[in-house]
Amino acid sequence: MKIRLLALALLMVSVPMMGKKRQKQQLFPDGTPVPAWFSDTTKVSPDNLGRRYVITDYGVSTDSTIVQTERIQAVIDRAAKDGGGVVVVPKGVFLSGSLFFRQSVNLLVEEQGVLKGSDRIRDYKVTTTRMEGQTLKYFAALVNADGTDGFTIAGRGTINGNGRSFWEEFWIRRQINRQCTNLEAMRPRLVYISNSRNVTVQDVRLVNSGFWTNHLYKCEYVRYLGCYIYAPTSGVKAPSSDAIDIDVCKNVLVRGCYMSVNDDAVVLKGGKGTWADTDPNNGPNSNIIIENCTYGRVHGCLTLGSESLHDRNVILRNCTFASANRVLWLKMRPDTPQHYEYVTVENVSGTCSSFLVVRPWTQFFKPEKRDDMPLSTCNNITVRNIKVKSKNFFDVGRSDKYRLTDFTFENCVVTDEKVAFDKKLIANCVTKNLKINGDGY
C-alpha cells in the first residue's frame, strides 16, 4: 500500500511537467544569456502615453505648403511643461524643420498623417551632434530626442524626409568633385535619438530621408518593431540613406521591419581614425539582435563599419532578402583599430550579389602614424542554417592590417556563381555541412 501511495505521489508531481517544454535559455554568440527584455515584443499602446496633444488643436495649420517648425515645437514644449504626454500628428501633411522632443513627451503619427521635412537646409538647426563616427557641429535631424527615458514613436502614419532636393544636390556635387564627402553635401537625417533608454519606434513609415534614416547614439534598450523604412534606389537615388545606424549602443532589437534603402540597412558605428579608441565620445556596440525582417534592395543587410571600433554579440536571424548587394559586410578601415567578434547570421534566405564580404574600406580614410596601433580582428563569426542564391558567396580578402579567425559555416545551402570559397584565408575556419552548388566543403 505504501509503495502504491508513493508511486501515486510521484506521478502527481510529474504530471504538471508533462507536455511542457522547458524553454531553452537564449544565448548570445559568446555564450552569455540574452536578457529577457529581448523576448518582450509587446508594442506600446498609444493610450498609455499620457495626455494627447493634437497639433491642430494648438495652432498648427492644415496648410501643407507652409513650414511650421515653431508652432509644432511649441506643442512639444507645452506638453513637456505640463508633465508629458503624446504629441499627435493627425490626418494631413505637416511641414517642419528640426523638432526636439523632451523627457516624457512622445510622438504619435496617426494613419494618413504625415510629418514632412522641409527641403531647405536652413530649417534644420546647427548643433553639436554625431555624424560618421565624429562628434561635431552639424545639422539636427527632423525628429530629435536627447536624454529621454521611455521615448516612443508610434502610429501607422509617415515621417517623410522629403529628401529629393538634397539627393539631387548631392549628385551634382559629386559630378563636380568626386571627393565630395557626405558631410559637405549638407543634408539632414530623419530621426536622431541620443543618450536615451527604453526607446520604442513602432509601426511608423520612415521614408525619403535626406541622409541617414535612423541614427541611435549612446542609447540602451531600443526596439524598432514593425517599421517600414524606405528610400529610393532607382531614378534619383537617395545617397547614404542607411535604414538604422547604431552608434555606441547596447541592447538594441530590430524586429519585423521592412528595409529598402540606397545604402546599408542596419549599420554598426562607433568612431573612426587612428586614435579613435582613445576618444571618450566613441565606443563599442553590444547585444544587437535583428530578426524577422524583410529586405528589399540594400547595399548590406548587416554592416559593421565603416566607422566602427568594437562590436560584440550581434545576431541577424530569421530574415529574408530579395536583392541585397551584401548580407554580412565587415568593413575594415586601415586607419582605425577595429574588433568585430561574436557575430552570428542564422536562418536567413534569399538572393544577393555577395553574402559575406570582408575587405579593406578606404573611402576618405586618413592613416596616421601610431607606434602602438592595434591589429584589427574579426573573430567568432558564425553563419548557419541558410539558403542563399548568390553571385559571390565568399568575398573575402587578406590584409596586413587585420586578421580573421574562428569563422564557422554550418548547414549552408548555397548557389554561387563565382565559387571563391577558400577556408585557408581564415585561421581556424570550420565547415559543417556547407554545400555550394551541391558540392560539400
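Let me start with strand β18, residues 244-247, which pairs with β21 in the parallel sense over 4 bridges; strands here are DSSP runs of E, at least two residues long, numbered from the N terminus, and two of them pair if DSSP finds at least two bridges between them. This is a predicted model, in which local features need pLDDT of at least 70 and side-chain atom pairs count only at pLDDT 80 or more, while totals for chains, interfaces and linings use all residues. Residues are numbered from 1 along each chain as its sequence is written, and side-chain values use heavy atoms, with hydrogens and water left out.

Within β21, V267 stands opposite D245, and its bridge partner in β24 is T303; β24, residues 302-304, runs parallel to β21 and is joined to it by 3 bridges. From β21, residues 266-269, V266 and L268 point one way, V267 and K269 point the other way, and all are buried, meaning under 20% relative accessible area with a 1.4 Å probe, protein chains only.

Turning to confidence, the mean pLDDT of the chain is 94, with 95% of its residues at 70 or more, where pLDDT is the predictor's confidence in each residue, from 0 to 100. Over residues 1-20, however, the pLDDT is below 50, and beyond near neighbours in sequence this stretch has 0 contacts in the model, a contact being heavy atoms within 4.5 Å. Where pLDDT is low, the predicted coordinates should not be read in detail.

Definitions and conventions. Buried means under 20% relative accessible area, exposed over 50%, partly exposed in between (1.4 Å probe, protein chains only).
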